[in-house]
Amino acid sequence: MNRSPVQPPVVAVIVNPVHRLAMPALVAALRAVESLGWDAPLVLRTSVESPGGEQAREALAAGADRVLVIGGDGTVRLVAEVLAGTECVMGIVPTGTANLAARNLGLTELVNKTLEHVVTSALTTAGDRIDLGRATWRTAAGLGQGTFLVTAGLGHDGAIISGVAAADKERHGWRAYVRPALGRAADAGWPLEVDGRELRPWSLLVTNSGSIPLGVGVSGARMDDGTLHVVTVDPDPLLEWGTIALAGLLPGAQRLPGIERRDTPATTIVPDSPTPAHLDGDPLGEVWELSASVDPGALLVVRPRPAGNAAPTLDETVLATAGPHGIVQIVNALRQGGITRGEREEVTCALTALEGEELQQVKYLLNAGGDGHDLEHFVYDVLDGRQRRRVLDHIAEQAVPHDELRVLCDIDDTFKSNLHDRRYDRGTVYPGIVEFLRALDASDAAGDDHLPGDLTFVTARPGGVRDLIERYTRRGFTDDDLPAHTIMTGTVRGLVDRRLMAGSKVTNIRRDAALFPECRQVFIGDSGQADADVALTARRRWPEHLVASFIHCVTDVDEATRARWRAEGVHAVDDYAQAARIAGELGLIDAERVARVERAVEQGVPSLPR
């Protein structure tokens, strides 16, 4: 690969260990960094006495240019306070109670993904500049200073947060706030002065972003709009709480019954008496005064962009410094999260920069992804037409022909008895088929029998919504001791139309040849449907790639037809011992492996019907 001289990022991980997902997330982070080929990260754990700021300073002192925060809003806020004004990028793996910052950064979808995806995204996405709220407050103990990403709140909002025990938050999440909030809904407001204006709101919020727990959109604030939003919440207890809930649907409205909003770069709130307050859910105690201002673009933070956004989101150093395993991890993470047009272009450039063994390794690793995450799906279904052409042309240019066999195998009545074969119970794995596939998969003149992804099952079954049918099909192979494999699926129409079924399988063979032009192919099908037509068509079109085909006879095939097929390199077989002997004669497998297949066929059915 033509690598740039850029160095991989120095990574630090700051983890709050009290949360349930903290340690699994840390393990995922360590694995991700190792897969990316970067140096092991500096791991810093927070504590009650040292909740995040000290760890962030230690990370900066160690030269970190990317800090991964595993924790809740409190940890995120304190780390952000230290990283503000630097070029260090903050990624977040939200493991806390409300995860306000993560929700407002658009990371709520990530919470529902695998930890591996969340962590990889946080480590590899480019930083985006957002505003930070700066706050100064006065209590009986003296002056305090801090930052907030989402909101500073006073009044009942502060009292509710102060009154919820940490154990309840850990056990119930944001739902721990619901009962205290309902209990205070009819309480009187708090008299205070806001920038010289006397008010008596139920709560007053100074927001840097729009949503609070329960998904309530209290303002139209964005984290990058360069201003704060003062939200006065003062509903009639009997009539106007519904309006507060409706406020999220009308974020631009300055006034609604029970709620008032205004924009300002700074504000000062002076209560008539000490009033409970908080920053991003961290209680401040009772304050006599609180001032807040916006620090525009102060923080570099990871946040996703919509899948339709053309702007790239990968950090420019990532693909230039990641090894083959890292590139594959990044690609699969992007596909889970919704890859943007810009990201597709970045990955295309990365793939076309790979050369030789690195390109081979990335292809095989991608092809072993499974569940719709194989190489064929990525090149043909994720990339656009021009990107696909560039990748395929580059693969062809880099191809060095060798003896590696790509094994393409049908499933129904080829691997397992299913539709037309009455000799075995439905679902029975045919005697010798697993050994035959293993023998073909291991066939490599270079002696490398460890490349993943040589075996591909080609089926008329559709992939289904979210690849559910492919996953179901794959689970059917779990106990069969097969080598690493992937699945190329068909369409719903192909299940009932023989011509379309054959066309779909021919297309899959053509695609496999385009993705692995350096390899030879073997196709294994059955006589029950259209597989003989598939084999003959592919042999006629690409004889240099498809060197042999084997058709498992589950219906009557006369000798004249067998002879005609055989003349075109398509071999009709009655069992897999016969197939192995023919493969041996063709030089596709050695004598020892032929004998293994023969012994397996002689021993009979390897497992109970499935």
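This is a predicted model: local features need pLDDT of at least 70, side-chain atom pairs count only at pLDDT 80 or more; totals for chains, interfaces and linings use all residues.

Modeller: The protein has 23 helices and 25 strands, and of its 610 residues 54% count as buried.

Biologist: What share of the contacts between residues at least 6 apart in sequence join residues at least 24 apart?

Modeller: That share is 73% in this protein. The accessible surface, for its part, comes to about 25900 Å², with 51% of it belonging to carbon and sulfur atoms.

Biologist: Turning to α23, what span should its 13 residues have?

Modeller: At 1.5 Å a residue, helix α23, which runs over residues 591–603, should span 18 Å, and its end C-alpha atoms lie 19 Å apart, which agrees. After the helix comes G604, whose phi is positive, near 95°.

Biologist: Which residues of α23 are buried, and why do they lie on the same side?

Modeller: The general idea is that an α-helix has 3.6 residues a turn, so residues three or four places apart point the same way. In α23 the buried residues are V594, V597 and A600; they cover an arc of only 125° around the axis, which puts them on the same side of the helix.

Biologist: What do the buried residues pack against, and which exposed residues does the face turned away from them carry?

Modeller: The buried residues of α23 pack against α17 (433–441) and α22 (576–585), whereas the face turned away from the buried side carries A591, E602 and Q603, which are exposed.

Methods: Residues are numbered from 1 along each chain as its sequence is written. Side-chain values use heavy atoms; hydrogens and water are left out. Helices (H or I, at least four residues) and strands (E, at least two) are DSSP runs, numbered from the N terminus. The expected span of a helix is 1.5 Å times one less than its number of residues. Buried means under 20% relative accessible area, exposed over 50%, partly exposed in between (1.4 Å probe, protein chains only). The arc is that of the directions from the helix axis to the C-beta atoms. Contact means heavy atoms within 4.5 Å. Accessible areas come from the Shrake-Rupley method with a 1.4 Å probe; for residues, only the protein chains shown count as cover.
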